[in-house]
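Subject: Structure for you to look at

Hello,

Here is the structure I said I would pass on. Please look it over first; my notes on it follow below.

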Amino acid sequence: MGTDVYFFIEYDRNHPLPNDANCENYVVYDVIDFTDYYALVGGKGYEAFAAIAGVRNSSNIPPLYKPRGCPPGLSDQIRKFRNNCVDERDVQGWLYLSEIKRALEYKNITHNDLSLAMNVMLNSAEFLVSNLGDENVRIVFFFSD
């Protein structure tokens, strides 16, 4: 049995993203949805999954960042996806691109070790970060067994 991963990139070109629980009604303006990108959903990059969220972790080395659940101020689009497609037992989390890079480096995973789909997602996030700043771009993910 495999593990499916669902990634979204949330970004706000005008305002910093909230980083505290007091921002429940905050609106994130833009989302890139990678859930329909079959190569990402179907591609199995278990080493990267383990580095990002501790999922399918055969090395038993804990991830640098434990899954945090969904971020405060979650966009309506991702909230609808979560409510319709995510089970409570699924791993839910989010990281900034800088954190994903550190998590991959911590597990000695390079871009060459990642699937094409994972590289597309990370390169998309990199482009947004280079224009908007790391604090205005976050990657939201769900892992389902």
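Predicted model: local features only at pLDDT ≥ 70, side-chain atom pairs only at ≥ 80, totals over all residues.

**Helix α5**

Residues are numbered from 1 along each chain as its sequence is written, and side-chain values use heavy atoms, with hydrogens and water left out.

Helices (H or I, at least four residues) and strands (E, at least two) are DSSP runs numbered from the N terminus. Just after α5, glycine 133 has a positive phi of about 95°.

**The sheet**

Four strands form an open sheet in the order β2-β1-β4-β3, with antiparallel pairing; two strands pair if DSSP finds at least two bridges between them. At the edges are β2 (30-33) and β3 (91-95), each pairing on one side only. On average, neighbouring strands of this sheet are turned by 20° against each other, direction ignored.

Strand β1 (residues 4-11) is joined to the antiparallel β4 (residues 137-144) by eight bridges. Isoleucine 9 has isoleucine 139 in β4 as its bridge partner. Between β3 and β4, also antiparallel, there are five bridges, and glycine 93 stands opposite phenylalanine 141 in β4. Four of the five residues of β3 are buried.

**Helices on the sheet**

Axes are lines fitted to C-alpha atoms, for helices over the stretch in contact, with angles from 0 to 180 degrees between N-to-C directions; contact means heavy atoms within 4.5 Å. Helix α3 (residues 76-85) lies across β1, β2, β3 and β4 and runs at about 160° to β1.

**The cores**

A nonpolar core is a set of buried Ala, Val, Leu, Ile, Met, Phe, Trp, Tyr and Cys residues joined through side-chain atoms within 4.5 Å. The largest has 29 residues, and Phe7 and Met118 have the most contacts inside it. Helix α5 gives this core its largest share, six residues. A second, separate core has 10 residues, including Tyr6, Ile78, Trp94 and Tyr96.

Regards

How values were computed. Buried < 20%, exposed > 50% of the residue type's maximum accessible area, 1.4 Å probe, protein only.
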